[in-house]
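Please keep the sequence and the model in view while reading.

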Amino acid sequence: MSSLSKVQLYCAWFCPFAQRAWIALNEKQVDYEYIETDPYNKTPEFLSVCPRGLVPSVVHNGKPIYESIVLVEYIDEVWKKEVNLLPDDPYDRAMAKIWVDFISKKIVPVFYAILQKQDKAGQETAKEAFMKNLETLTGAMSKQGPYFFGANFGFVDIMLVPYTFRLRLLAHYRGLEVPTNGVFERLQTWMKAAHSRESVKSTLPEWERLVAVYQRYADNTAKTEVAEAIRAGTALP
């Protein structure tokens, strides 16, 4: 392991969950060491900082913290800035967590289901659910914008942005295009602002490499815990 005096991010360039912690560290302007990690090669060193064998993990003061949602909250609490990632007001903070829970249960699993379903009927059912859930999420966005709760980029934005960047994968593999007008015009405004933010841009993977990695999801041959959970119809790990 590298020097314990510096924050270390154990990350994988292709992983949307790891991307969340990466963005949060960037947003807070934390001085950290990026350690590219292969989650399929569970070495003793990797498991010492990622006990579940999953990325991301952040080592701070020699102690590992993991799980993407927990990690973003931790980063927000430890590295204080003028504007926090989670709202200060208890009600607003609760609402942020409610919508992050919605993303975790209604957006992310259905995203993978669309890719992994091999039969047309299953794909279409998943597409319908995804678009309905995406419309619900878009309808909850601040009317002022550009971010989810208004002028400040925060917790909900970080949880969502890895998947909106990957919407192109649904278009590429399953022909699902999110409209640019109507209710989704607000989503497009959000995407333009979020994807162009400096804290996000440096974490965005190269498109062709990403397409190649996600081929195994489109073929339903991925051996990840996420893929296995989608096949089993259970909650994501």
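Two strands are said to pair if DSSP finds at least two bridges between them. In this predicted model, valine 58 stands opposite isoleucine 65 in β4. The two strands concerned, β3 and β4, are joined by four bridges and run antiparallel.

**The sheet**

In general, strands of a sheet pair through backbone hydrogen bonds, either parallel or antiparallel. Here four strands form an open sheet in the order β2-β1-β3-β4, and the pairing is mixed. Strands β2 and β4 (63–66) are the edge strands, each of which pairs on one side only. From one strand to the next, the twist averages 20 degrees.

The parallel part of the pairing is seen between strand β1 (residues 7–11) and β2, which are joined by five bridges. Within this pair, leucine 9 has tyrosine 34 of β2 as its bridge partner.

Which strands does α1 lie across? Helix α1 lies across β1, β2 and β3 (57–60), and α1 runs at about 150 degrees to β1. Helix α3, in turn, lies across β3 and β4, running at about 120 degrees to β4.

**Helix against helix**

Two packed helices are described by the angle between their axes and the distance between the axes.

| Helix pair | Angle between axes | Distance between axes |
|---|---|---|
| α1 and α3 (residues 68–78) | about 5 degrees | 9 Å |
| α1 and α4 (residues 90–116) | roughly 135 degrees | within 13 Å |

With an angle of about 5 degrees, α1 is roughly parallel to α3, because angles under 35 degrees count as roughly parallel. On the α1 side, the contact is made by Phe17, Arg20, Ala21, Ala24 and Leu25, and on the α3 side by Ser68, Ile69, Leu71, Val72 and Ile75. By class, this contact of α1 with α3 has eight nonpolar residues, one polar residue and one charged residue.

The axes of α1 and α4 cross at roughly 135 degrees, and the two helices are therefore oblique to each other. Pro16, Phe17 and Arg20 of α1 meet Ile103, Val108 and Tyr112 of α4 in this contact. The residues of the contact of α1 with α4 divide into five nonpolar, no polar and one charged.

**Two residues in their surroundings**

Serine 68 lies in helix α3. Is serine 68 buried or exposed? Serine 68 has a relative accessible area of 8% and is therefore buried, since buried means under 20%. Not counting residues up to four places away in sequence, serine 68 touches Phe17, Arg20, Pro56 and Met159.

Lysine 28 is found in the loop between α1 (16–27) and β2 (32–36). At 2% relative accessibility, lysine 28 also counts as buried. Leaving out residues up to four places away in sequence, lysine 28 touches several residues, among them Ile75, Asp76, Trp79 and Leu85.

**The annotated domain**

The UniProt record, an unreviewed entry, places the feature "domain: GST C-terminal" at residues 89–214. Over residues 89–214 the chain is 71% helix and 0% strand. The end C-alpha atoms of this stretch are 39 Å apart.

Conventions
Residues are numbered from 1 along each chain as its sequence is written. This is a predicted model: local features need pLDDT of at least 70, side-chain atom pairs count only at pLDDT 80 or more; totals for chains, interfaces and linings use all residues. Side-chain values use heavy atoms; hydrogens and water are left out. UniProt positions are given in the numbering used here, feature names are shortened, and annotations may be inferred rather than shown by experiment. Buried means under 20% relative accessible area, exposed over 50%, partly exposed in between (1.4 Å probe, protein chains only). Contact means heavy atoms within 4.5 Å. Axes are lines fitted to C-alpha atoms, for helices over the stretch in contact, and angles run from 0 to 180 degrees between N-to-C directions. Angles under 35 degrees count as roughly parallel, over 145 as roughly antiparallel, 65 to 115 as roughly perpendicular and the rest as oblique. Ala, Val, Leu, Ile, Met, Phe, Trp, Tyr, Cys and Pro count as nonpolar, Asp, Glu, Lys and Arg as charged, and the others, Gly among them, as polar.
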